[in-house]
Amino acid sequence: MLPVPDGLDGMRVDAGLAKLLGLSRTAVAELAAAGEVLLDGHPAGKSDRLSAGGLLEVTLPEPERAAEIVAEPVEGMKILHDDDDIVVISKPVGVAVHPSPGWTGPTVVGGLAAAGLRISTSGAAERQGVVHRLDAGTTGVMVVAKSEHAYTVLKRAFKERTVDKGYHAVVQGHPDPTRGTIDAPIDRHPRHDYKFAVVAGGRPSVTHYEVVEAFRAASLAHVKLETGRTHQIRVHFSALRHPCAGDLTYGADPVLAKKLGLTRQWLHARTLGFAHPADGRWVEFAAEYPDDLAGALEILRDGN
């Protein structure tokens, strides 16, 4: 049992408890619907209002068991570099980085296990060796730690933003200016829990971009991430009204997506640079465009 903090006074139960407990609003709404949220001893609905000093009692569900790593080959996953400390791969589309509840498709860690590669045992059991992630629908270069030392060093490097992450994105229209910085906080979408959005009070998020090629209906941009929020590039360009081509979740034109043959966002982790954990020397790796993105780019170039 805990008192409602002053900062949550007047907020809806779902929004306030999501903020207080670090859960999604959907999860809180489900708890409330199941009668697991009591306010001053009485069941609270998701849209009831919190009052400062009121007594909250929330019964949380048992934590889900960690998803199991299944060693299975991943079609299209390429190993770009492999040594005693790290393995660098080019991740294909439709592949998650690690297992998670509800995900039944292939994973990077499963593919590495199938290839006989030993990775660091640090991190949660299902995401050992993972120091950063790409969405299942985003392709490109990523690094996985093989040694405990590499895991520690790379985790710190990503946290301290000393890693150079370069993306290519085809965005609709023509951003103006053609080179700029998007500095806008990101958090869960207030109405759609599966999406993210630019939200006042969200986590600081900074994206640098430069248009490197312009077409009639779209632009190819080189993007550098200063922070690494979930869906950051997709959210920021959508907020500029220049969503990634093919990204229907964030407002892309379905007609253009069909014309380009895209069934996902045109977004690719092109380059990755960092200090090698073994000796501190700077290393950089690059991943070629996959066929679907390369094909869409050719259509755009032919149309100019």
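User: I'd like to learn to read sheets first. In what order do the four strands of the open sheet lie, and is the pairing parallel or antiparallel?

Analyst: Strands of a sheet pair through backbone hydrogen bonds, in either a parallel or an antiparallel way. In this predicted model, four strands make an open sheet in the order S1-S4-S2-S3, with antiparallel pairing. Strand S1 (2-3) and strand S3 (42-43) are the edge strands, each pairing on one side only.

User: How many bridges join strand S2 to strand S4?

Analyst: Three bridges join S2 (residues 37-39) to S4 (residues 55-58), and these two strands run antiparallel.

User: Thanks! Now for aromatic rings: how many aromatic pairs does a search of the whole structure find?

Analyst: Three aromatic pairs turn up. An aromatic pair is described by the distance of the ring centres and the angle of the planes. Take Trp-266 and Tyr-289: their ring centres are 5.1 Å apart and their planes stand at 75°, so this pair is edge-to-face. Planes over 60 degrees apart count that way.

User: Where in the chain do Trp-266 and Tyr-289 lie?

Analyst: Trp-266 lies in the loop between helix H6 (254-260) and strand S14 (267-275), while Tyr-289 lies in the loop between strand S15 (282-286) and helix H7 (291-302), so the pair ties together parts 23 residues apart in sequence. Trp-266 is buried, with a relative accessible area of 0%, whereas Tyr-289 is partly exposed at 23%. A second pair, Phe-274 with Phe-285, is tilted, with 6.0 Å from centre to centre and 35° between the planes. Phe-274 sits in strand S14 and Phe-285 in strand S15, 11 residues apart. Both of these Phe residues are buried.

User: Which charged end sits over the ring of Tyr-289?

Analyst: That is Arg-270, whose charged end is 5.3 Å from the centre of the Tyr-289 ring.

Notes
Residues are numbered from 1 along each chain as its sequence is written. This is a predicted model: local features need pLDDT of at least 70, side-chain atom pairs count only at pLDDT 80 or more; totals for chains, interfaces and linings use all residues. Side-chain values use heavy atoms; hydrogens and water are left out. Rings of Phe, Tyr and Trp (its six-membered ring) pair if their centres lie within 6.5 Å; planes under 30 degrees apart count as stacked, over 60 as edge-to-face and the rest as tilted. Buried means under 20% relative accessible area, exposed over 50%, partly exposed in between (1.4 Å probe, protein chains only). A charge sits over a ring if NZ of Lys or CZ of Arg is within 6 Å of the ring centre and within 35 degrees of the ring normal. Two strands pair if DSSP finds at least two bridges between them.
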